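Here is a walk through the model for someone meeting it for the first time. Keep the 3D view open and follow along.

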Amino acid sequence: MLFTLGSCRKWLEITPEGQQLESDAVKTQADLNNILNACYDAMANHYNGRVQFFNELMGDNLEKPQSGFTVPVYQHTTNFFNSDVGGLYGDLYNVIFRLNFLLKKLDDGTIDVTAEFKTKTIGEVKYLRAMLYFDLVRIWAQPYGYSANNTHPGVVIRKTVDTTPKARATVAEVYAFILEDLNEAIANLPAANGNYATMNAAKALKAKVHFQMNDYENVKSICNDLIPQYQMDSTLNRFDNALSSSENIFSFVSTGVADNRAATYINNFRIVNPSNPSPNRLSKSMYLEATADTADKRSKFYLIFNAGDASETYGITKFNSDFLSNPISYLSQLKLMRAEALAILNSDLTTAIGDVNDIMQRAYGSSNKNLPSNTPAADVIAMARKQRRLEFPCEGIRVQDLKRIGAKEDPSGSGSVMIRTSKWNCPGLALQFPVSENTSVFEFNAEGGCE
Amino acid sequence: MNTRLLSFLLLVIFARSATAQNIKGTVKDAGNEAVIGATVQVVGSSYGAVTDALGYFEIKRLKPGNYKIKVSSMGLVTTFKEVTLGTTDVSVNVVMKEDRKQMDELVVVGYGVQRKREVTGAISKIGGKELNDLPVPSFEAAMQGKAPGVQVTVGSGLAGSASIIRIRGISSISAGGDPLYVVDGIPVTQDYFILGNSGGMNNNPLATLNPDDIESVEVLKDAAANAIYGSRGANGVILITTKRGKGKGWKFGAQLKAGVSMPTAKPKMLNSAQWMQLNQEAWENDGHSGIAPLPGGITHAQALATNTDWVDKTIQTGSKYGMNFSATRGGEKLNTFINLSHDYNGSYLVGNSFVRTSGRLNMDYNATQWLKIGVNSAISRGLNNRVNAAWSGGLGAAMSTALPIYPEYNADGTWYRAGNNPVRNMENMLWKTEELRALNGLNLTLTPIKDVVIQGQTSYDYMNQADDQWRSSEITGNKNDGDAYRGMAFIKNFNYYITATYLKTYKENHNLQVMVGNEFQRANTLRRSADSTNVPGLFSDNPSKYLNARYLSQPGTNWAFLSYFTRATYNYKQKYFVQAVFRTDASSRFGSNYRWANFPSFSGSWVVSEEEFMKNNKTLSFLKLRAGWGKSGNANIPDNARFATYSATSNNITYNGNPTLFPLKLENANIHWETSDNYDVAVEAGFFKDRLTVELDYYKKVTTDVLMYLTIPQSIGFSQYWDNVGGILNQGLEFSFKSRNIVTKDFQWTTNFNVARNFNEITSLGVYTEDAVSGGTNDTRVVVGRPVGTNYLIRWSRVDPNTGLPIYLDKNGNETNLYDNKNRVAVGKIIPDAIGGLTNTFRYKQWDMSVLIIFSIGSNIYESSQKRQASLITDWNMDERVFDRWQKPGDVTRFPKLTRDYRTYNLPDEWSNTTLWLKDGSYARLRNLSIGYNMTPKACKKMHLTSMRIVGIATNIITITNYDGLDPEIGRDSEGGSPGDLNSSRNMGSQNITYLTPPQEKTFSVQVSIEF
């Protein structure tokens, strides 16, 4: 017995065979760097058209999917058993867990890291985390501006590694948290960082966040800072060369068929041959708007199938490739954001018109369709918004634009801003959380209620 | 010292030895077992002694003369012996016969035995004979209805099928509800998910244990009884004691048995014409015209010309036979028990059987007065000839996607492949699971000094399972001889324990026994697989192909338990008994801060009938009151539950050309023991010289820190996690009686009855809700205030007579057309309110008859597969119950109008759950009827036999139930075999949820037993 007393600690200290434990895996700065790289890797997979697709499904650019759990997303009728919606939600928060773990390890002093690594990594973590929360709050909550003080429920904020169930923060709190992360990212990120996040990437994202908040002054100042640093690229399909483009601010790295980070774009929209529609198709309104002017070179991206028949459908050829580049932030976005912001603020219309015309000129291959220099602000706004739809199809931008505009221009939900046949603020336009969130502290979204 | 003094002392010594002799000897029972603690008294004097652990006694300093000694011990007939003492010591050996009073039978209690009178905890004993008589898939199934509070649900009619056993309800959610099985002191491997989850019912490791080896099974139910196994006693402990050599000289026994198996109920599926008619009706109900399309590439003309009865093609009359040969030898020095058996257990499913071949050698050798050596050794081979069933195919396919319009063969003689063809699948697949098992123990008993016994046992339970599968090219589509696969598991389970016991009787009335002990167990599981293409059959028949196969090995898993324990019992005049148990356990599954847990227990009893005021009571011959409290625990979680694990460093996943590293699983360093506080009070009584004995128990079990495999909020970053959450309450009453109603020379009638009422409630889930536990498909959930395994469903109201469409109920009970998951409510439970059994045994001269009726009251059955078998026309066949459907306005029917589109019923998909499929699960069943004839001793003598018995046995012949499905006794494997899965049969969710589950088997058999 004495023998066993002495030996018992050893007898009972059994670690799983063939599995790497945290204590063995995470010991050096290089390990932390690999974890950070795994965050990029995971996000490159989640932002490969997938996050964007859920946005598009809610909006008016696509037609109803054929079957499966994406149908209720399109119908604005998701419930908590929707495993496609829950899967995306869980995947995004899984990256947040990794990011929070990195912050913990950078802070707890258990691993020796250089000051430079620490600063840069904090910046990257906060940039990536802000990107994730920005999409989480836009997909699973009603938009900024939905309630007077944005006290309506947003999403759960997790700043640290912890396993306790939590309540949702308000949308105001989530946006404040995102901006706080971005400010820290901007303060810590280097100007150049290879293919990884830079200070400008964080600034570009911050501009998008302010844009979504209808905070156009901040959009203006950030865009004024960034735009002069980049040049327009003449390539019409930015999925062909996002990373090497002169417009590139931040892209996920997609290097080949075996390392394709645009897979969901391709899987959803690729047309295998001209007579074979893609698994997911565009809406008629998107097709008509995109092809109304055949002088617009972008109209060549669109195809019609079974024209005139009851089964008429529409496709896009931008994603007909074995692998594509994956742009996240780039100059064209900034240009159209600044144009709309300046026009709404009614300040510096010349710059606003110039920004729109840069896009138009590329689309038409000439200045024939440029806005005249005396175009009124309202028309600049309308054209900037139209160009956003035509420039960024399938990139998940359109539905959030409509929500942003709804919050600004139709705060009461009178019906003047519609997303297809639904009011911009109807309950089902915030996707339902997965059933796993069902704890006594959590408030689910209202379901349905959209026409 | 001077010589004078020395001479005086020597004189005194010699003088004493000349006039004072000793009577010494041993006391044994009829089975040649030492009787411990027997009182040996010289009648008419104050001289006496108490026997030690080897039954040895010595009465000293008696003068020469004639004496009468009286030997008494609880449970044995008091025995007298005449002794003549001369000038030397005399040795006497006393053999004590068993006292037939039921209250004094021996009971195994864990690391020892006690008389039932002395037991202060709740223990049910089932004799080996009661287990041997039934032709069951595995011995544990034969426990059904025989012990109060022990719920036995036989898995299904599959051969070798595992039973789900729940003792006094269920006090765990994700950490398994199975009791601990201990065979001859060895906690054995019994997990039936060793090789994952396949075929509709997995191989059951307990099926290789030969029921003919079993002397008795003791079920330890409360903490006073099972605290000695504290660490793993939360769900009860089943102690299996195998037979040992006894009596004098060699005795031989042989048994032959043969029988047949058939299902208790046969599914009444639609024939081809009926199915087509309903398909057409649904087509037209959906607003179409013309001929309805048919699935499986079948034309209308072909369908009309085909009518395949797939049920008939997948079931048969199964056969069973077995033979058993035993040899026992008893003697002064050596006791031996040898048993050899071969058992073929064919089920009613075509191609399905379990073949067990086993051998056992148990030996006890009394090496010296102070050393006894015991050996238990069993080797067995279980060969499970497996078939797909339930969700996996076979009869399950015949009840679902094998439509009667599908042929077995195409017109050109090739197999029909465009739809489910279970015959094709069966004929083109070979599947065997072979289990080799060796269960060996070496036991030493030492008596180094008087009153102290040291016992040690070391044991090794080795199991090797190989799951061999082969699929022909017809199935695989590869142009070769077929593909073979072998999944293997090797389980090495090492265990030792050592105990030291001190026995002391003071002044005859104070009896004290103190035991201390230490136990260690470590198990290692290795899993391997091999696969190869172009193999003409199973790997077992193609060893050269196996040698060249591709091998995959999974990391091994290991766990260990280390325990220290003590048990002290004291009684005064065999009247007042108290017992204290303390066990402390450490498990490798918990981190160092939470590794150890303490499991104390205190209990006591008062044998009131020993009091003077009761002694002359002619009615009440025995009365005992007992009460106990104790803690028990559960650590049944995966070995790596507490660890955070990471991707391999070289995982081949890069981003931007650089390596990645990422977490795979959350850490929970704080995970700790699930513990239960157990309370038990009971009355045991015997009337009319124990002709009628009665036992009534009340128990309460409060479980806290329940181990749960939580579906955690995904915002945490992971979706599943092991944690200690919430609480469960179990309380209940158990009542049993044994009555010898008529006892005459020629005719005897005895009745045994037991009933148990269990109340189970989840008292807390922390912040979690009913959807918190992973794996709750079929809408079985955990709901606070409700039992574990609550049916949580949208309520079906009725069929609208005007439209034929479903009307549901919302949360408030108002009718609605909407199917909305928010309207789910707790409407049923899969745990019964009451279970029990009634056995009547009649004996007339050489004839005897035994009738066992079991019953289960108050549970629900969720007939999950019926959602595809009634009203919604898919690619499933339906059964005849669908005829009660809506056809025209005004029809009041059970099922709505037929449709081919689930959206007609406002359902989100064809798998939606409502209370329409929730049924009353109560039943009573004639489990066993046996009629036997025992040859007269005279006739036996003529044949040179000691005894001969012929018995005919029928099982499951009559069932009374309101359940309209196949069979109300339902236990099945889960859809997912992960350890924490609520639906795993380790846990609760799979019981009483039927999904094409094969019904139980009905058997008729004959056994002939001889002894010589």
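**A helix to begin with**

Start with helix α15 of chain A, residues 377-391: its 15 residues, at 1.5 Å a residue, should span 21 Å, and its end C-alpha atoms are 20 Å apart, which agrees. The expected span here is 1.5 Å times one less than the number of residues in the helix. Helices (H or I, at least four residues) and strands (E, at least two) are DSSP runs, numbered from the N terminus.

Before going on, a word on what you're looking at: this is a predicted model, where local features need pLDDT of at least 70 and side-chain atom pairs count only at pLDDT 80 or more, while totals for chains, interfaces and linings use all residues. Residues are numbered from 1 along each chain as its sequence is written, and chains are lettered from A and ligands numbered from 1 in the order in which they are written.

Back to α15(A). Its buried residues are V380(A), I381(A), M383(A), A384(A), Q387(A), R388(A) and L390(A).

A contact means that the C-beta atoms of two residues, placed from the backbone, lie within 7 Å.

**Across to chain B**

Where the two chains touch, 45 residues come from chain B and 49 from chain A. On chain B's side, β25 (510-533), β26 (550-572), β30 (645-646) and β32 (658-659) each supply at least two residues, and β26(B) gives the most, with 6. That side of chain B divides into 24 nonpolar, 17 polar and 4 charged residues. For this count, Ala, Val, Leu, Ile, Met, Phe, Trp, Tyr, Cys and Pro are nonpolar, Asp, Glu, Lys and Arg are charged, and the others, Gly among them, are polar.

Strands join the chains too: β1 of chain A (residues 20-21) runs antiparallel to β30(B), with 2 bridges between them. Look for Q20(A) opposite Y646(B). Two strands count as paired if DSSP finds at least two bridges between them.

**Sheets inside chain B**

Chain B has an open sheet of 5 strands, in the order β10-β15-β16-β13-β14, with mixed pairing. β10 (123-127) and β14 (186-187) stand at the edges with a single partner strand each, so one side of each is left without a neighbour in the sheet. Within the sheet, β15 (214-220) and β16 (237-242) of chain B pair in the antiparallel sense over 6 bridges, and L220(B) has V237(B) as its bridge partner.

Now find β11 of chain B, residues 150-154, where 5 of 5 residues are buried. V150(B), V152(B) and V154(B) lie on one side, Q151(B) and T153(B) on the other, and both faces are covered. β11(B) pairs with β12 (163-167) of chain B, antiparallel over 5 bridges, and Q151(B) stands opposite R166(B).

N202(B) is buried, with 27 other C-beta atoms within 10 Å.

Methods
Buried ≥ 20, exposed ≤ 12 C-beta atoms within 10 Å, placed from the backbone.
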